Amino acid sequence: MFQKVLIANRGEIALRVIRACKELGVRTLAVYSEADVDSLHVQLADEAICIGAAASLESYLRIDRIMSAAEIGDVDAIHPGYGFLAENPHFVEVCESCNIKFIGPSSGAMQSMGDKNAARAAARKAGVPVTPGSDGIIETEDEAMKIAKKLGYPVMIKAAAGGGGRGMRAAHNEPSLTSAFHSARHEAQKAFGNDQVYLEKLIVNPRHIEFQIMADSHGHVVHLGERDCSIQRRNQKVIEECPSAVMTASLRRKMGNAAVKLAKSVGYENAGTIEFLVDQDRHFYFMEMNTRIQVEHTVTEEVYGCDLVKEQIRIAAGQPLSQHIAHAEPRLHAIQCRINAEDPANNFQPTPGRIDFYYAPGGRGVRIDSHVYTGYTVPPYYDSLIAKIITIGSTRINAIDRMRRALDEYYITGIKTTVPFHAAMMRNGDFRDGNYDTGLIDRLISAGKLSLSTRPIRLHE
Amino acid sequence: MDPKDIKEIKSIIDLMKKHDLSVFEIEKEGFRLKLQRGASGPQATVSAPAVATGTAKAPSAGAEPPPAAKAIESVPMKEIVSPMVGTFYRAASPDTPPFVEVGKPVTEDTVVCIIEAMKVMNEIKAETSGVIAEVLADNGKPVQFGQALFRVR
């Protein structure tokens, strides 16, 4: 087992990794920007080193400073969390050349699956169904036009270097294809520094179902079931569940096997997630692979009874897959709501600032993963996630009602948060019926169908 | 008065300025200190409390403020901070003299120290001009981004 791990991240995931390390008896070194001096993960880590100014480009993305800190701190391994450098193959190579273990896949495996277009090719090769689309990068608008015509509209133009729902443009008919093609390339260039795009058939109102895989360094790969992440706002996940309300035992077996096969074919190691789109006839198509731990790993943990981050560290240290993970069986139902520092009544505008009072719900079956506290100032430089609330229940409806109960106790003042939005979702008929797709939220919002009532609570003032 | 006390008085003066306090008084371990901000800046009065039966001698009331304290409160200080993460070295090698000592004048291009990061020795320039007043970082010890290395008068 490692002596010391450097956590190359911030916020709730840095805290998550530090907790796993402490339970494993591993010392922790936090790196932080000047904006995160008072962050909880910095305070809880055994050691902490400031690596730069607030902007991510000056700190959390500075490979040179992170490696300096790793050298000074004499660490054995680095956990990249999610975002930042977590899916940067060059960073993995730097770690490899410095003899510091990167807690994740090899740079080769990351490269194969990180390029979205190459990942589709790997999936096709492994016999995994992929969304019908172009065979590779599309260079010209004429090429795009030809392929789109063959596939049939609507189509989606996607960035090869993309991810996180960005660098994508839909075209519903031929006249709109050209502008969609050029905007997608433009956004891809800006967001990822790479304007290569490919084309996919746009599956209308799909469900986004992803499979968690875990692979050790001895060739053993398993899947830990699915998560349904169809509740999205502008292609960003907001609510995730495990298991999926539309899953059947046989579909889970087919999709799970496809996920494991694909991971094995690229020599994948450590935690990863294979994302599929499932259409209304329950056909599934490989979409992309995330070569890191994900924000929503929590719901899998609750249902499969495991600690995925500890397992990541164990695997990186060379241990074989734990028995309880290799033979995990699902039990109960879990839901996660992502609480963001955003104002749901004001187009989800980000609301950084000081949290005057923070009270998190508790009680049976409620889990909170959060780095914030009373008096903490949410900085404006990073993503707006301030907490994840996860509830479990014996049935899906019980998990939903428990989440409704817990959200009604969640008290955060000083800034606006998305708690009222989630409270409204837990009461929404379509959501409760399990009858939804990736377009639900945007439809509800544009139809003004979400009533955001603030419940008066006399906890403070 | 020993250097530790002067350091303590300096930090009290900084705190007073920061929080806009006009008077600060403390009494402990046989001495009393009162700092008062007037138009010309903080003034210090130090006296030992009169001991009724003891043989300790009290300095005369209204004693001159110690020269060091006067120097601290009247001159603004600049800091040279680390632009990177690494190990701080005062000299180019173990057997050469340090780049700077207290009292050495520096200009913007004066090399004041080396910070070693990933086996690369980076020469750090003063980027300010003045005289080195204090060395804040320890030779051979790690420094982080933004850490104060020298105080410059």
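Predicted model: local features only at pLDDT ≥ 70, side-chain atom pairs only at ≥ 80, totals over all residues.
Biologist: What makes the span of helix α9 of chain A close to the expected one?

Modeller: Helix α9(A) covers residues 249-265, 17 residues in total. The expected span is 1.5 Å times one less than the number of residues, which for this helix is given as 24 Å. From its first C-alpha to its last, α9(A) reaches 24 Å, so the span is close to the expected one.

Biologist: Which residues of α9(A) are called buried, and why?

Modeller: They are A:M255, A:A258, A:A259, A:V260, A:L262 and A:A263. A residue counts as buried if 20 or more other C-beta atoms lie within 10 Å of its own, so each of these residues meets that cut-off. What covers them includes α6 (116-125), β9 (207-215), β10 (221-233), β12 (270-278) and β13 (284-290) of chain A.

Biologist: What follows the helix?

Modeller: α9(A) is followed by A:G267, whose phi is positive, near 65°.

Biologist: In chain B, what makes β4 and β6 edge strands?

Modeller: 4 strands form an open antiparallel sheet there, in the order β4-β11-β9-β6. β4 (78-81) and β6 (105-106) of chain B each have a single partner strand, so one side of each lacks a neighbour in the sheet. For β4(B), 4 bridges join it to the antiparallel strand β11 (residues 148-152) of chain B, where B:F150 is the bridge partner of B:I80.

Terms used:
Residues numbered from 1 in each chain as written. Chains lettered and ligands numbered in written order. Helix = DSSP H or I, 4+ residues; strand = E, 2+ residues; numbered from the N terminus. Buried ≥ 20, exposed ≤ 12 C-beta atoms within 10 Å, placed from the backbone. Contact = placed C-beta atoms within 7 Å. Pairing = 2+ DSSP bridges.
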